[in-house]
Amino acid sequence: MIMDGLLYSEDHEWIKVNGKSGRLGITHYAQEALGSVVFIELPEEGSRVAAGEPLGVVESVKAASDYYAPVSGKITAVNGELLDSPGLINEDPYGKGWIAEIELEDPAELDKLLSPEKYGELLEKEGK
Amino acid sequence: MKWRLLNTGYGNGFENMAIDEAILMVHARGGNPPTLRFYGWKPPALSLGYFQNPEETVDFKACRRLGVDVVRRPTGGRAVLHDKEVTYSIIAREDNPAVRGTVPESYLRLSRGLILGLGRLGVEVSCNGDGGPAPKGPACFDSPALYELVAGGRKLAGNAQARKHGCVIQHGALPLVNDAGTLFAVLKFSSEAEREEQRRRFTERSASLEEVMGRRVPPGRVIQALAEGFAEALGIDLEPGGMTEEELLTAERLVREKYLNSCKPPAAVTGV
């Protein structure tokens, strides 16, 4: 499932941009590939992250997987509800399973992300 | 496809985890081939899953008394006591045919290597296809998770995965001898009755190779059988090799900067 109105990274993260900030999470495909998420390590509020660098770790059925920042910027909010209910990532990856909000450092980086159509093509190409 | 077969022999827990991560980091940069590694543990070590809380899980005083190191794994899952066992790790890029796909898909594929390898030792194992509810206790081997190896209804091999830097690492432990006594002495429980109950449950549900085979098998024989099993299951050529200079230096740095302090005892235990 791919949502319209979002941009996607090749590492299977999404971002919904609103002006100079954005809300991000992992995609439906990513949560399906991981299986039931049992823990999540969130980025620190106020920390600065660079595009493509690890933002935190999610643990599913015995796999601890990095997830990555789709763009560079400052983390302005994290979804603390996930600490108690990490399963929200599986149930609603584009909604209640959001992970963090970020203040964009360089809006030009958004051009490197994939549209919903391009992300669909990527999944298809990779046989996913 | 050519893979490296690496046997690093015995190491302490910090070195063992650092070497796995160093191989992964160098592999992510294209500096080494995909690798199947075997290793052993001296002294024994308790490894915790990435998200386990050491203060809640580990009795550090007991660890010190029994000479057991404590280290955090880069992978998920729960606590494992590593002593007399054969441990393997598989490190490859996410797009490598051996590990590609979802977490369960790659688990299943790699499990076939273990099944074929154990078959060469005359051990019949099956692959647990139903993960069931999430495990609750602190010890890893007390219940078989999805696609883990079960012999006679008891869990024989425990596996865990991490996905970092565009690569997959899966490592797994095959206990040669059962040592539930030490494992349950170094874990924390709410009461002695709870400790005894969990130990009993663990002993019922987990097995060592010695128990399954009725005799002890030298680690070298197990390693050879598992290597052959992985080669057949994954369709890979294994070429024996050593660690590169870059891997050794990265591992040394990771021991110092990460793993030595990955599961620090509370100040009351160290006397600091």
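Which residue in strand 2 of chain A does A:L7 stand opposite? In this predicted model, the residue opposite A:L7 in strand 2 of chain A is A:I15.

## Strand pairing in chain A

Strand 1 of chain A, which covers residues 7–8, pairs with strand 2 of chain A, residues 13–18, in the antiparallel sense, and 2 bridges are found between them. These strands form a hairpin in which 4 residues lie between strand 1 and strand 2 of chain A, and within that turn A:H12 has a positive phi of about 75°.

Strand 2 of chain A is also joined, by 6 bridges and in an antiparallel arrangement, to strand 3 of chain A, which spans residues 21–26. In this pairing A:N18 has A:S21 of strand 3 of chain A as its bridge partner, while the hairpin of strand 2 and strand 3 of chain A has 2 residues between the strands, with A:G19 taking a positive phi near 65°.

## The sheet of chain B

Chain B contains an open sheet of 3 strands in the order 4-3-5, with mixed pairing. Strand 4 (69–72) and strand 5 (80–82) of chain B each have a single partner strand and stand at the edges, so one side of each is left without a neighbour in the sheet. From one strand to the next, the twist averages 25°.

Strand 3 of chain B, residues 45–48, pairs with strand 4 of chain B in the parallel sense over 4 bridges, and B:L46 stands opposite B:V70 of strand 4 of chain B.

## The helix across the sheet

Helix 1 of chain B, residues 13–28, lies across strand 3, strand 4 and strand 5 of chain B, and runs at about 20° to strand 4 of chain B.

Technical notes: Residues numbered from 1 in each chain as written. Chains lettered and ligands numbered in written order. Predicted model: local features only at pLDDT ≥ 70, side-chain atom pairs only at ≥ 80, totals over all residues. Pairing = 2+ DSSP bridges. Axes fitted to C-alpha atoms, helices over the stretch in contact; angles between N-to-C directions. Contact = placed C-beta atoms within 7 Å.
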